[in-house]
Amino acid sequence: MMVTTHAMVGVAVATSLVYTAPELALIGAFGALVGGVLPDVDLFVGTHRRTLHYPALYWVGTVPALGLAMVARTPATVAVGFVLLSAALHSSSDVLGAGEELRPWERTVDEAVYLHPAGRWLRARRIVRYDGAPEDLLLTVVFALPGTLLYNGSVRYVCLLCVLLATVYALFRKQVPEYLGRFVE
Ligand SMILES: [Zn+2]
């Protein structure tokens, strides 16, 4: 799935703070954004969907971090809690997408995300057929709605920017491998 989808899922969850802890809603949303994007940094360093994707281990950190954030409500505890939660949701939900390949619609690779404790790859479920597919764009739009409606200012603008970027990416998704090929040459 697109990184914008993961980022918007995180922000949608962070909107739970808007009414329960409004003074921490902004830091929670930014933590969720960071956590939603963070795993995909392994596109550039290490092995994608393995080096920074932890579909099991992020949860091991998320549960105590969110517990601590509830007991000791500070910007730092809430930020860490939402970074971990959003990274956990990202890593776990990547299994619903395609395998890790340049043209995922060709379906030649079944490895979706690495499950470190088991020492193996989880099989791609392809409920979202490939990143940037129409259903993936729909997910970005739907999950951007709570953040757009319940936040104002910077979080709202980031949500709208994600929808814009996701739309452009989805429109040109199938040309991306060609562009990359030229860039490498
Ligand atoms: Zn990912």
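Tutor: Along the chain, the donors of the zinc ion follow the spacing D-x12-H-x36-H-x3-D. The model is predicted, so local features need pLDDT of at least 70 and side-chain atom pairs count only at pLDDT 80 or more, while totals for chains, interfaces and linings use all residues. Residues are numbered from 1 along each chain as its sequence is written, and side-chain values use heavy atoms, with hydrogens and water left out.

Student: What makes an atom one of the protein donors of the zinc ion, and which are they?

Tutor: Donors are N, O and S atoms within 2.8 Å of the metal (3.2 Å for Na, K and Ca); water is not among the atoms, so sites may look incomplete. Asp 40 (OD), His 53 (NE2), His 90 (NE2) and Asp 94 (OD) lie 2.1 to 2.4 Å from the zinc ion, so they qualify as its protein donors.

Student: Why is the arrangement of the four donor atoms around the zinc ion called irregular?

Tutor: Four donors count as tetrahedral if all angles lie between 85 and 135 degrees; four count as square planar and six as octahedral if opposite donors are over 155 degrees apart and all others between 65 and 115; anything else is irregular. Here the angles run from 88 to 165°, which makes the arrangement irregular.

Student: Why is His 53 called buried?

Tutor: Buried means under 20% relative accessible area, exposed over 50%, and partly exposed in between (1.4 Å probe, protein chains only). His 53 has 0% relative accessibility, so His 53 counts as buried. Asp 94, with a relative accessible area of 1%, is therefore buried too.

Student: How do you know that Val 63 is exposed?

Tutor: Its relative accessible area is 59%, so Val 63 falls in the exposed class. Val 63 is found in helix α4; helices (H or I, at least four residues) and strands (E, at least two) are DSSP runs, numbered from the N terminus.

Student: What makes a residue part of the lining of the second largest pocket?

Tutor: On a 1 Å grid over the protein atoms alone, a cavity is a set of points where a 1.4 Å probe fits but cannot get out, and a pocket is an open set with protein on both sides within 12 Å along at least five of seven lines; lining residues have an atom within 4 Å of a point. Among those that line the second largest pocket are Ser 16, Leu 66 and Phe 82. Helices α2, α4 and α5 each supply at least two residues of that lining.
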